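Work through the exercises below with the sequence and the 3D view open. Try each task before you read its solution.

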Amino acid sequence: MADVFISYARATDEFARSVADALRAHGYSIWFDEELPANRAFADVISEQLDAAKAVVVVWSSAAAASQWVRSEANRA
């Protein structure tokens, strides 16, 4: 399981990746939703990864604030 779960809106994908790269450079493992397996329910995997992560970074933006998924992940974290 990853050290850090990153929650973000697709509109901020590039910035979220730069945050992930910076964290990796400091030795942290990262989990992004792009790593979702095709054979598993999205919500189940997200829940497992959030529960297992040592930390959650939410990349807040207007798009993230409007995203039901990002708000849900932040609330769960």
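**Exercise 1. Find what joins Asp51 and Arg76, and say where the two residues lie.**

Step 1. The side chains of Asp51 and Arg76 form a salt bridge, with 2.9 Å from N to O. The term means a side-chain nitrogen of Lys or Arg within 4 Å of a carboxyl oxygen of Asp or Glu.

Step 2. Asp51 belongs to helix α2 (residues 42-52) and Arg76 to helix α4 (residues 68-76), so the pair ties together parts that are 25 residues apart in sequence. Helices (H or I, at least four residues) and strands (E, at least two) are DSSP runs, numbered from the N terminus.

Step 3. Asp51 is exposed, at 54% relative accessibility. Arg76 is partly exposed, at 44%. The cut-offs for relative accessible area are: buried under 20%, exposed over 50%, partly exposed in between (1.4 Å probe, protein chains only).

A word on the source: this is a predicted model, where local features need pLDDT of at least 70 and side-chain atom pairs count only at pLDDT 80 or more, while totals for chains, interfaces and linings use all residues. Residues are numbered from 1 along each chain as its sequence is written, and side-chain values use heavy atoms, leaving out hydrogens and water.

**Exercise 2. State how many salt bridges the whole structure has, then examine the one between Arg17 and Asp13.**

Step 1. A search of the whole structure gives five salt bridges.

Step 2. One of them links the side chains of Arg17 and Asp13, at 2.9 Å from N to O.

Step 3. Both residues sit in helix α1 (residues 13-25). They are four residues apart, about one turn of the helix.

Step 4. Arg17 has a relative accessible area of 31% and is partly exposed. Asp13 is partly exposed too, at 22%.

**Exercise 3. Describe the contact between Arg40 and Glu48.**

Step 1. Their side chains meet in a salt bridge, 2.6 Å from N to O.

Step 2. Arg40 is partly exposed, with 36% relative accessibility. Glu48 is partly exposed, with 35%.

**Exercise 4. Work out the strand order of the open sheet.**

Step 1. Three strands make up the sheet, in the order β2-β1-β3, and the pairing is parallel. Two strands pair if DSSP finds at least two bridges between them.

Step 2. Find the edges. They are β2 (30-31) and β3 (55-58), each pairing on one side only.

Step 3. Look at β1 (residues 4-7). Two bridges join β1 to β2, and these strands run parallel. Phe5 stands opposite Trp31 in β2.
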